[in-house]
Amino acid sequence: MTSSNLHIDMGDANHTFYRFEGLLLAIEFFTQRFHLNQLSEFSFEFVNEILTLNASALFIKDGERFVMRQKRLYADKEYFIPYTGKLRRLVTFHGRTVRNDFTAFFEQREVDHFQMNWAMPLMIDDELHGFIVSNGKIMGQFTDEDIVMSDTLMRLINNSMENSQHFADLQQSNHKLDQKIFNLFAIHHSTKALLSEVTLHRLHEIATDVFSEVSSSQITSFGVVDPITGRLRITGYRNVSSYETYQGDFELHTQAYNGPIVLHMERDQERIQALFVSSEQLRDLEAEYIILIVKDHIIGMVTLSRPVNDRVYDESTFELIESLATSTFIAISNAMLFQEVHRQRESAENKLKLLTTLNKLVRNLNECTTSEELCYFTLKTLQVSFGVRKALICLRSGDHYVVADTIGWEADPKGRTVLPLPLPEWLEACIDGETLFDYMADGAARFFSKEVLQWMGAGNCAVLAPLTVGNRIVLAEDPCPKGFLIVLEAASSLTEEEVLLIDTVAKSIAPVLHQMIITQSVREQYKLDQRQAFVQSLQQHIQSWEQYRMEFILHYQPYRMPPFAGLLQADQGADGLDRRDQDDVRQTIFSFDGYRFRISYEPIELAGWLPIPDPYNLQAVLSYDYALNNEG
């Protein structure tokens with residue numbers, strides 16, 4: 001072996017030793033965790049160092065093209081290669097370094113431009129991440145050993161990139177999982193806080209705070225649609241950098257909506273303008289995103305401004321916000337239902353109290369014996385138990401309805417005419433028992449004349465409840481109401497329940513009043529007329545005297561009617577009459593016009609009784625001057 005051959009062998013041995021040493025360093029390096037960009041850059045350096053490439057370039061995928069990231073000895077400052085179907089075949093059908101047939105994977109212009117003599121694909125699983133191209137080695141041609149080394153380096157680099165990518169994906173998955181766990185935790189506690197509140201205004205404040213905290217928004221506002229006006233009213237506002245407040249509302253074109261619930265102020269401008277009549281108002285809230293609370297129709301919204309920190313609104317943030325929007329909708333619905341249940345319970349309790357009071361009123365009315373008592377107790381009950389401040393009852397008297405009793409007047413208008421008969425055209429509905437009412441303060445002007453309004457004075461409503469009996473026989477005989485229960489001032493604004501109450505009271509007292517009128521009529525029909533009875537009895541006694549000469553004596557006595565004369569049939573004991581003579585006396589004593597007359601067959605020796613001369617002459621008895629003779 002010559003010295004020259006020995007020198008060549010020693011050089012090859014050193015070169016091989018250097019390559020393996022470089023390969024060991026590459027293994028040590030690429031088994032560590034680095035970012036893909038770092039691995040790509042270092043793979044370019046290692047390949048150039050170990051394979052001693054001449055001109056080389058590193059291309060990394062950027063969208064649908066490969067951009068030159070690093071180069072050596074090429075003059076191009078920038079260069080990109082489109083991601084064509086040929087390049088896709090480099091991974092699918094080749095999967096190793098390329099030494100020939102470059103046009104199978106690259107376009108001819110790229111092959112010529114870079115004078116391709118060698119190419120190494122950088123792959124992650126079945127995706128082409130990038131590649132390194134070269135025009136050859138610094139010295140000599142690629143040998144089989146160079147090809148084996150380049151394939152080994154390619155597998156090492158690709159495995160390292162795959163591991164790095166998988167680790168990055170795992171970290172990303174862990175981050176997303178942590179984010180989802182946090183979101184679930186936030187949703188759990190936020191939902192618990194929202195669902196535990198049943199007061200709407202407090203719920204709006206909690207919802208504003210919740211959205212502000214989970215989004216880190218500098219300005220957060222919360223609004224709900226007013227069911228009466230249909231306008232979206234801001235009920236919650238929070239600015240983390242100041243103590244400002246915001247009061248305002250937004251007019252909507254429509255409440256129906258079935259689109260996305262998260263809207264960006266710029267990207268979704270058309271949708272926003274289609275929803276809001278004046279979308280420029282949202283600038284006052286510095287809104288970047290609008291989150292709609294929707295269930296078939298819009299019931300509210302949340303606006304978010306830019307975050308207070310470097311945080312960016314990402315997909316997980318909006319997933320959390322959408323979930324919270326759903327929870328907020330459920331909480332608002334529950335609060336509204338709770339308020340409705342509470343309102344209905346209060347209404348039921350008030351109605352029970354009203355029915356109890358009404359029952360007591362009816363029982364008291366049934367115990368009344370006169371129309372005066374009936375009117376008095378009715379108005380007092382309305383005043384004390386139901387808060388009526390000004391009311392009257394007018395009863396029919398001839399061709400007019402006259403005030404029978406009142407409450408709420410300083411000067412008593414009792415006896416004044418309220419309505420004429422027949423009733424005016426606008427009151428004809430009262431004949432059928434319909435209650436007329438007006439909720440306005442000047443409502444009485446609809447029903448009464450100016451003269452009546454002058455003494456009635458001011459009020460806050462007007463209710464005319466006719467006192468009618470629904471019996472067809474009664475209505476056939478007399479269709480007009482017996483009277484009216486008129487309310488002119490309630491404790492507050494007149495409500496539908498109060499109108500129903502007044503109508504019920506009127507319907508309750510009308511039959512009682514009707515029976516009182518009938519009873520009074522019967523009493524007057526069958527009540528003994530003392531004057532007529534006295535004349536008839538005197539005529540009978542005169543006839544007996546004329547036929548049988550049966551003498552009798554006629555006495556009279558002035559008297560003042562005792563307060564309970566109707567019950568006691570006059571005070572018999574005061575006359576000195578014995579109890580056993582009471583039946584006979586009842587038939588021969590007659591009282592009327594402040595005088596008592598007695599027909600007897602014996603003289604009366606009791607004090608106060610005066611004889612009437614010539615009792616057998618009826619005309620003389622009737623024309624006798626009792627007052628003059630009594631004074632004498």
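Analyst: Two strands pair if DSSP finds at least two bridges between them. The model here is predicted, and in it 3 bridges join S15 to strand S16 (residues 462-466), the two running antiparallel; within that pair, Leu 436 stands opposite Leu 464 in S16.

User: Which strands form the open sheet, and in what order?

Analyst: Strands of a sheet pair through backbone hydrogen bonds, either parallel or antiparallel. In this case 6 strands form an open sheet with antiparallel pairing, in the order S14-S13-S12-S17-S16-S15. Because strand S14 (417-420) and strand S15 (436-438) stand at the edges with a single partner strand each, one side of each is left without a neighbour in the sheet. From one strand to the next, the twist averages 20°.

User: Which helices lie across these strands?

Analyst: Helix H9 (residues 371-386) lies across strand S12 (390-397), strand S13 (400-407) and strand S17 (483-489), and runs at about 50° to S13. Helix H12 (residues 496-526), in turn, lies across S12, S15, S16 and S17, at about 30° to S16.

User: How many residues of strand S20 are buried, and which way do they point?

Analyst: Buried means under 20% relative accessible area, and 6 of the 6 residues of S20 (residues 595-600) are buried. Tyr 595, Phe 597 and Ile 599 point one way, whereas Arg 596, Arg 598 and Ser 600 point the other way. Strand S18 (residues 553-558) pairs with S20 in the antiparallel sense over 6 bridges, with His 555 opposite Arg 598, while 4 bridges join strand S19 (residues 589-592) to S20, also antiparallel, and there the bridge partner of Ile 589 is Arg 598.

Note on methods. Residues numbered from 1 in each chain as written. Predicted model: local features only at pLDDT ≥ 70, side-chain atom pairs only at ≥ 80, totals over all residues. Heavy atoms only, no water. Axes fitted to C-alpha atoms, helices over the stretch in contact; angles between N-to-C directions. Contact = heavy atoms within 4.5 Å. Buried < 20%, exposed > 50% of the residue type's maximum accessible area, 1.4 Å probe, protein only.
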